[in-house]
Amino acid sequence: MAGGEATAAVGENPVQTQLRLVHDVIRISSAGFSGSFKKDCTDLARRISLLAYLLEEIREIKGDFGVSSSSNSYLFDLSLSLQAAKKLLFAANNFDPKNSTDGAVKKILFQFQCVTWKLEKALANLPFDQLDISEEVQEQVGLVRSQLRRATDKYGGPLNSIVLSRAISQPTEKDIDPLQQGNRAIGSLHVHNIGNIDHEVGEKVGVIPNISPVEGHSSDIVQESGRVKNSSTSSELCVSQSADTDRIVNSMNKGSEESKKCDSLVVPEDFLCPISLELMRDPVIVSTGQTYERSYIQRWIDCGNTTCPKTQQKLEKLTLTPNYVLRSIINQWCVKHNVEQPTALANGKIKKSDGSFRDVSGDMVAIEALVRKLSSRSIEERRAAVSEIRSLSKRSTDNRILIAEAGAIPILVNLLTAEDVQIQENAVTSILNLSIFDNNKGLIMLAGAIPSIVQVLRAGSMEARENAAATLFSLSLADENKIIIGASGAIPALVDLLQNGSTRGRKDAATALFNLCIYQGNKGRAVRAGIITALLKMLTDSSSGMVDEALTILSVLAGHQEAKAAIVKASIIPVLIDLLRMGLPRNKENAASILLSLCKRDKDNLACVRRLGAVIPLSELSKNGTERAKRKAISLLEHLRQSQQLF
C-alpha cells in the first residue's frame with residue numbers, strides 16, 4: 001500500500017493496527033540504529049516494543065473484532081502516536097548531521113519531545129477497566145509511562161523558551177522529509193452515506209461496532225419514529241428493541257487516498273501542526289501568536305496545560321482564534337497538489353458504487369439556482385429555498401454532494417441565526433441531512449457551524465433543538481470533532497435538553513452526549529453540567545423508557561474520577577444493585593460493568609456494595625448472565641472476596 005503506515009489495512013481493526021505499528025518499530029530497531037540520535041531511537045523503540053504485551057492481551061480478551069467504540073477512540077489516539085513514532089525513528093536514523101543545520105538537529109529533538117508526550121498521554125487515557133487488562137500488564141504500561149514522562153522532561157529542559165522557538169522556526173532538511181506528514185492510522189466511525197435522517201420521515205441511523213456495511217444495502221435506513229443513535233452492546237448506546245426497530249450498521253474504518261498523496265509530497269513547514277506534525281485543516285492562533293491544529297491544541301489545553309507547546313510561554317488567554325489566511329493558503333495548496341479527499345463529483349458526473357458515472361450537470365444547474373435564492377432579500381424566497389434544500393438533502397447521497405458543491409453549507413450556517421423560526425428549523429435540519437455524507441462533515445466544521453448549532457440547541461424551537469442535538473452527534477462521529485464540540489459549550493446545552501426536552505429531544509441529547517463522552521476531556525464537562533442528576537432520574541423514572549441510554553452513558557463515565565465521585569454522591573449504587581436483581585439482561589450487564597468500575601481500588605464502594613446485598617445477584621449473574629455480564633460479575637465478586645480478607 002502506498003503510504004505504508006498511513007492507513008489501516010482493509011478489514012483491520014484498531015488493535016491489529018496497533019500491533020502492526022509496534023511490530024514495524026521492532027523490525028526497524030532490530031536492524032540497529034546509528035548516527036547522532038542512536039540512543040534516542042533505541043530508547044523510544046524499546047519502550048514501544050513493551051506495548052506489544054498490552055495489545056496482545058487486548059486482542060486475546062476481546063477477540064479480533066470485539067473492541068467497543070469507546071475503546072476505539074482511545075486506541076485511535078495511540079495509533080496517531082505510534083505512527084508518529086515510526087516516522088520519527090525512520091527520519092532520525094537517516095539524519096545526516098554533516099549536511100544539516102543546528103536548527104534541524106534541534107527540530108528532531110523537539111519532535112522526540114512531541115512524540116514521547118503524545119505516547120504518554122495516549123497511554124494515560126486508555127480505559128483499562130473497560131478493556132479488562134491484567135494488573136501485571138497495567139504495571140508494565142505504568143513503567144513505560146513513567147519512562148516516557150522522564151524522557152519528555154529531558155527533551156523539554158534544554159529546548160524550552162526562545163531556543164526551542166528558534167529551533168522550530170528553522171526549515172526542515174531533506175533528510176527528514178518523511179517526517180513532515182503524519183497521517184491517521186484509523187479513520188473515524190461515520191454515519192453511512194445512504195438514506196435520510198430528517199425528522200420528517202423519522203428515520204434512525206445507528207452505528208454498531210465491528211460489522212461491515214454493504215454499500216447501498218436497503219437495511220442501511222430504517223423508517224421509524226426515532227433518531228440518529230448508537231447501538232447497544234456493552235458500552236455502546238442502547239436503543240429500544242421494539243418490533244419495528246432495526247439496527248443500522250457501519251464501523252469499518254476507512255483509509256483515505258489523501259494520506260497516500262501526502263506521503264509522496266513535501267508539505268511546507270508552516271502547514272504542519274507543531275504538536276501532531278500533520279497538515280493543518282483548521283489552524284488556530286493562540287495568545288503567543290503560534291498556530292496549531294484546533295483539535296490538538298484544544299486537547300493540550302484540556303489536559304491542564306497553560307503554556308504554548310512551541311515556545312513554552314504562558315498562555316495569557318485560552319482563546320483560539322481561527323487563522324483564516326493560513327487555512328485559505330493550505331486549501332489552495334491542497335487543490336493544486338490534489339491532496340484533498342477526492343470528491344464524488346467530477347466534470348458534472350457522479351461516480352456510482354459500481355464504478356460507472358451518472359451525468360448530474362442538469363441537476364447541478366437547478367441546485368445552484370436554488371442555493372442562490374438562500375441569500376435572497378425576500379424572506380419568503382429564502383424560506384421556500386431552505387425548505388426545498390431540506391427536502392432535497394434527505395432524498396439521496398447525490399443531492400447531498402451537489403448541494404455542498406454548490407456552496408450551500410456556509411449560507412445554511414448563516415441561516416442558523418435567522419429570526420424566522422421556520423428558516424432556522426429547516427436550516428439546521430438541512431445541515432443534519434448533509435452531514436450524513438462524510439466529506440460534508442469537514443465542510444460543515446470549516447464553515448464554523450458549531451457555535452451557531454449550539455445557539456440553536458440553547459434557544460431554538462423544540463424541533464430545532466432536537467435536530468441540533470442530532471447534528472452534533474453526526475458531526476462528533478469524527479473523533480477530532482468530539483474535542484471541538486466539547487469545547488464549544490455544547491455539553492451543558494445537551495444536558496439541559498436531556499432533562500427538559502421532548503421524548504425525542506431527550507433521546508437525541510443522550511445519543512450526542514454518549515458519543516462526546518467517549519473523549520476523556522469531555523467527561524468532566526458533562527459531570528459539571530449536571531449529567532449525573534439527569535441520568536439518575538432516567539434510571540428511576542420507569543415511564544422515561546431511557547434506562548438503557550442512562551446505563552450506557554454511565555458505563556462510559558464510571559472510570560473517570562470526577563464522574564465516579566458524582567455517581568457515588570448521587571446514591572446511584574443502590575439503583576444499580578436493584579437492576580442486578582430485576583433488570584433486563586442488558587441492564588444487568590451494564591449495571592455490573594458500572595459497579596466494577598466504581599469498586600476497583602475503592603474499599604468504601606466495595607463495602608457499600610456488600611452491605612447492600614449485591615453478592616447474591618452477582619453470584620446469580622456469574623452463572624446465568626451474558627458472557628460479558630459473567631466476566632464483570634466474577635471480577636467484582638473476586639474484588640469483594642479479596643477486600644473481605646483484608647479485614
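Residues are numbered from 1 along each chain as its sequence is written, and side-chain values use heavy atoms, with hydrogens and water left out. Since the model is predicted, local features need pLDDT of at least 70 and side-chain atom pairs count only at pLDDT 80 or more, whereas totals for chains, interfaces and linings use all residues.

The mean pLDDT of the protein (the predictor's confidence in each residue, from 0 to 100) is 75, and 76% of the residues reach 70 or more. Confidence is lowest in strand β3 (residues 222-223), with a mean of 26, and highest in helix α16 (residues 421-434), at 96; helices (H or I, at least four residues) and strands (E, at least two) are DSSP runs, numbered from the N terminus. Over residues 157-263 the pLDDT is below 50, although this stretch has 330 contacts in the model beyond near neighbours in sequence, a contact being heavy atoms within 4.5 Å.

Strand β5 (residues 283-285) pairs with β7 over 2 bridges in the antiparallel sense, and Ile285 stands opposite Thr321 in β7.

| Helix pair | Axes come within | Crossing angle |
|---|---|---|
| α10 (residues 294-302) and α20 (residues 479-486) | 9 Å | roughly 60 degrees |
| α23 (residues 520-528) and α26 (residues 561-569) | 8 Å | roughly 30 degrees |

The angle makes α10 oblique to α20, while α23 and α26 are therefore roughly parallel to each other (angles under 35 degrees count as roughly parallel, over 145 as roughly antiparallel, 65 to 115 as roughly perpendicular and the rest as oblique). Arg294, Ser295, Gln298, Arg299 and Asp302 of α10 make the contact with Glu480, Ile483 and Ile484 of α20. In the other pair, Gly524, Val527 and Arg528 of α23 meet Glu562, Ala563 and Ala566 of α26.

Key. Axes are lines fitted to C-alpha atoms, for helices over the stretch in contact, and angles run from 0 to 180 degrees between N-to-C directions. Two strands pair if DSSP finds at least two bridges between them.
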